[in-house]
Amino acid sequence: MTVMGINYYLKFEKQINGLKEEGRKPTLLLQACCCPCSSHCLEVLNGYFDITVFFYNPNIDDRTEYDKRLKELYRFTEEAPFAMDVKVVDGDYEPEVFYEMAKGREDLPERGARCYDCYKLRLRKTAEYALENSYDYFSTTLSISPYKNSEWINEIGMELENEMRDRSGDRPVPVFLFSDFKKKNGYKRSIELSQEYGLYRQDYCGCVYSKRDHERKLKEKG
């Protein structure tokens with residue numbers, strides 16, 4: 001059940017302020033859906049974490065689109081001064097995993113149950129990779145989008161952290177980093193950075209269903 005009314009940006013600030021007081025720079029595995037969404041997130045986070053961007057997006061509708069987004073991430077981390085020490089990991093393209101998850105719900109509108117499970121699919125893989133590779137924290141860039149449900153994203157992250165704690169044994173468990181990166185003009189800043197670096201900025205989330213719905217809306221507008 002979603003917990004309503006929580007200010008996740010304040011929870012995020014509390015976490016990073018705690019790191020400031022401790023004077024340490026832990027490792028963070030940051031799932032990213034695309035380069036424009038990553039841009040401002042990396043700008044905010046780089047002073048606090050040793051970051052690895054985890055590009056795991058089985059929802060993307062074709063390989064060409066997948067490779068285009070990944071290539072932009074590599075380029076951005078080579079050009080942006082605040083991202084040059086950021087590593088990028090390709091989490092592999094597994095569209096069959098997404099289509100299996102979406103089966104029977106192909107006609108649902110965006111921002112519904114299919115999208116919730118898509119967030120969870122990507123965050124689960126991120127959490128598992130973070131645990132297997134001993135990262136201190138894990139999170140996602142998804143909350144920067146005004147079209148994504150930040151309460152769902154943070155709810156899923158907390159659930160996965162607790163789930164890993166229950167089955168990890170004596171291994172240290174990566175902490176979920178709360179986020180609502182659209183706050184404080186974060187989304188606006190991501191657009192500015194996209195313009196500054198000439199980033200490829202797609203007009204749909206990535207899956208074939210969002211592309212279909214977007215094209216339908218364009219037709220309706222004439």
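**View 1. The end of helix H6.** H6 is followed by Gly-169, whose phi is positive, near 70 degrees. Helices (H or I, at least four residues) and strands (E, at least two) are DSSP runs, numbered from the N terminus. The model is predicted: local features need pLDDT of at least 70, side-chain atom pairs count only at pLDDT 80 or more, and totals for chains, interfaces and linings use all residues. Residues are numbered from 1 along each chain as its sequence is written, and side-chain values use heavy atoms, with hydrogens and water left out.

**View 2. The start and span of helix H6.** A side-chain oxygen of Asn-149 reaches to within 3.0 Å of the backbone nitrogen of Glu-151 at the start of H6. The end C-alpha atoms of H6 (residues 150-167) are 26 Å apart, which agrees with the 26 Å that its 18 residues should span at 1.5 Å a residue; the expected span is 1.5 Å times one less than the number of residues.

**View 3. The buried residues of helix H6.** Buried residues (under 20% relative accessible area, 1.4 Å probe, protein chains only) of H6 include Trp-152, Ile-153, Ile-156, Leu-160 and Met-164. The buried residues of H6 pack against helix H1 (8-22), helix H5 (113-132), strand E4 (137-140) and strand E5 (175-176), where contact means heavy atoms within 4.5 Å.

View 4. The structure holds zero disulfides, a disulfide being a pair of cysteine sulfur atoms within 2.5 Å. Cys-35 is buried at 1% relative accessibility, and its sulfur is too far for a bond, at 7.4 Å from the closest cysteine sulfur, in Cys-34. Cys-118 is buried at 7% relative accessibility; its closest cysteine sulfur, in Cys-205, is 6.4 Å away, too far for a bond.

Note on methods. Buried < 20%, exposed > 50% of the residue type's maximum accessible area, 1.4 Å probe, protein only. Polar contact = N/O pair within 3.5 Å; in protein donor to acceptor, adjacent residues only side chain to side chain.
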